[in-house]
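Please look through the sequence and the model shown here before reading on.

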Protein chains: 2
Amino acid sequence: MTETTAPEALLRGAGLRVTRPRLATLRALSAMPHAETEAVIAAVRADLGEVSHQAVYDVLRALTEAGLVRRIQPQGSVARYETRAGDNHHHVVCRGCGSIADVDCAVGHAPCLTPQADHGFVVDEAEVVYWGTCPDCARAAATA
Amino acid sequence: MTETTAPEALLRGAGLRVTRPRLATLRALSAMPHAETEAVIAAVRADLGEVSHQAVYDVLRALTEAGLVRRIQPQGSVARYETRAGDNHHHVVCRGCGSIADVDCAVGHAPCLTPQADHGFVVDEAEVVYWGTCPDCARAAATA
DNA sequence: CGCATGTTCTGGAACGAGTCAAGATTGATC
DNA sequence: GATCAATCTTGACTCGTTCCAGAACATGCG
């Protein structure tokens, strides 16, 4: 009932109903950050038994709209979800294996929020994706 | 035969064959930056007549691998392509209509290339997407 | 505690971007 | 001009995601 697991409070606070699939989805996401949809479905099923994929898709969308989870989808990857929402952090994506790691904003608070020429756009968010090679893949490439 | 249109030289320089569909694709992309695949196909067909979508997909992939065009794909959008490749610029995407504009790198040369904690990743590129509202959509929202 | 109500889950089908495979065609080289 | 290999055509197909209709469920009130 503290920080680690208060999914019920989170759901209620967001004005969402508290249901088994939603709790299981939140648990799954906090246990495995950057999980792709299929993995979430598998985790929820391992937790509850049979759950339709539709339910999970629906839950994920509801949670995303409520701001409880964040949807990320680097190029060439399927949709992934994470629970760290609203703290303006970014991601490093491995070109080799597609793994993702969290990175705090590079230059401070929201540096990227002020592009040079904004073409009249009202910018409200900057999203940064770092592309590179993860330690494992770098090691594999070095030995190969 | 100068800078504006030397697609042939570009293709040859990249070691690619010079074919009708490839030239038409390059022309289409330079005429309409950030074009999505479907629009590219339409433009190529308007130029050459019947061309299979498979050919365009293949051409776009070949050009992307050769570094002649860059593939971008903001969340919730289909793949788009642009000819400005290799100059480390970024994009502003409108949440309303999905339009995209170019933005030069915010803090200088390649600032974003040094995240705080890199988790051991070897980062070779930073991709920034600014989310906001374009002038048109902002105006529409203000009057509404 | 029991009921009415609106939301949520189930199951199945549909959709669209992108991919695969095999054969015909075309550009590059000699 | 002939030959070879890269490229295009055709058509089917996969995969992630979404839509639809009906049954099940959580919630608030009497």
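How many bridges join strand β4 (residues 90–94) of chain A to β6(A)? Four bridges join these two strands, which run parallel; strands here are DSSP runs of E of at least two residues, numbered from the N terminus, and two strands pair if DSSP finds at least two bridges between them. The model is predicted, so local features need pLDDT of at least 70 and side-chain atom pairs count only at pLDDT 80 or more, while totals for chains, interfaces and linings use all residues. Residues are numbered from 1 along each chain as its sequence is written, chains are lettered from A and ligands numbered from 1 in the order in which they are written, and side-chain values use heavy atoms, with hydrogens and water left out.

**Strand pairing within chain A**

- In the parallel pairing of β4(A) with β6(A), A:Val92 stands opposite A:Tyr130 of β6(A).
- Three strands of chain A form an open sheet in the order β1-β3-β2, with antiparallel pairing; its edge strands are β1 (35–36) and β2 (70–72), each of which pairs on one side only.
- Strand β3 (residues 80–82) of chain A is joined to β1(A) by two bridges, the two strands running antiparallel, and A:Ala35 has A:Tyr81 in β3(A) as its bridge partner.

**Interface of chain B and chain A**

- Contact, meaning heavy atoms within 4.5 Å, involves 37 residues of chain B and 39 residues of chain A.
- The two chains bury about 3,100 Å² between them, 54% of it on carbon and sulfur atoms, where buried area is the accessible area (1.4 Å probe) that two parts lose on being put together, summed over both.
- B:Gln75, B:Phe121 and B:Glu127 supply 21% of the area that chain B buries against chain A, more than any other three residues.
- Across this interface the rule finds 17 residue pairs in polar contact, both residues being at pLDDT 80 or more; a polar contact is a pair of N or O atoms within 3.5 Å, and within protein one must be able to donate a hydrogen and the other to accept it, residues adjacent in sequence counting only if both atoms are side-chain atoms.
- On the side of chain B that touches chain A, β2 (70–72), β4 (90–94), β5 (100–103) and β6 (122–133) of chain B each supply at least two residues, and the largest share, twelve residues, comes from β6(B).
- Strand β6 (residues 122–133) of chain A pairs with β6(B) in the antiparallel sense over eleven bridges, and A:Glu125 stands opposite B:Trp131 in β6(B).

**Salt bridges**

- A search of the whole structure finds 16 salt bridges over all chains, each a side-chain nitrogen of Lys or Arg within 4 Å of a carboxyl oxygen of Asp or Glu.
- A:Glu36 forms a salt bridge with A:Arg80, with the closest N and O atoms 3.2 Å apart; A:Glu36 lies in strand β1 of chain A and A:Arg80 in strand β3 of chain A, so the pair ties together parts that are 44 residues apart in sequence.
- Four salt bridges are found across the interface of chain B and chain A, and B:Glu125 forms a salt bridge with A:Arg95, the closest N and O atoms being 2.9 Å apart.
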